[in-house]
Amino acid sequence: MNKDVSVSTAVDDLALGDNFTFDELVGAVQRSRHRRLRIVELADLGDQDGLCAVWLVADGEDLILHASSDSALHRQQFVLHELAHMILGHDANHDPEAPDFLLPDIPPQIRARLLRRQDLDTAEEVIAETLADRLAAAIRGSAMHNSRYLETFG
């Protein structure tokens, strides 16, 4: 997807409707990017550096590594934030020629992504979190729609 896509356009482009499950979202992202997506919890992630999740672009697949949390919703939000970066095309603006003197053993595209995640006040991070919140609302809407909650409590 285009890196300049708006949150509304990004959701519409997924063609999932107003409510969808987490699994449907992951499938749509994989189809959109024409890449496999693996989501892996790392128990030690975030213990020292406060990093909640990171998206890595590898050959032929995307990988989301996320921290552990006692809250399933919190873990889901970590992943939704990274999915939002994918949906918004935020991997399209990395600089593969960035200097490598700080982290010479880490591939340039991964290094750029990790370093960029340290500044959470950027426009890219704010829009990704905005989209993650919208995705979470649609997933909650799907859960309520698929339950008998609305029939019972209207």
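Glu-41 forms a salt bridge with Arg-75, the closest N and O atoms being 3.8 Å apart, where a salt bridge is a side-chain nitrogen of Lys or Arg within 4 Å of a carboxyl oxygen of Asp or Glu. Because Glu-41 belongs to strand E1 and Arg-75 to helix H3, this pair ties together parts that are 34 residues apart in sequence; helices (H or I, at least four residues) and strands (E, at least two) are DSSP runs, numbered from the N terminus. The model is a predicted one, in which local features need pLDDT of at least 70 and side-chain atom pairs count only at pLDDT 80 or more, while totals for chains, interfaces and linings use all residues. Residues are numbered from 1 along each chain as its sequence is written, and side-chain values use heavy atoms, with hydrogens and water left out.

Glu-41 is partly exposed, with a relative accessible area of 40%, and Arg-75, at 25% relative accessibility, also counts as partly exposed, given that buried means under 20% relative accessible area, exposed over 50%, and partly exposed in between (1.4 Å probe, protein chains only). The structure holds 5 salt bridges. In another of these, Arg-36 pairs with Glu-61, with the closest N and O atoms 3.1 Å apart; since Arg-36 lies in strand E1 and Glu-61 in strand E3, parts 25 residues apart in sequence are tied together. Arg-36 is partly exposed at 48%, whereas Glu-61 is buried at 13%.

Asp-62 forms a salt bridge with Arg-35, the closest N and O atoms being 3.3 Å apart. This pair links distant parts of the chain, with Asp-62 in strand E3 (residues 61–67) and Arg-35 in the loop between H2 and strand E1 (36–42), 27 residues apart. Asp-62 counts as buried, at 1% relative accessibility.

Within helix H2, the residues Leu-25, Val-26, Gly-27, Ala-28, Val-29 and Arg-33 are buried, and the helix is followed by His-34, whose phi is positive, near 55 degrees.
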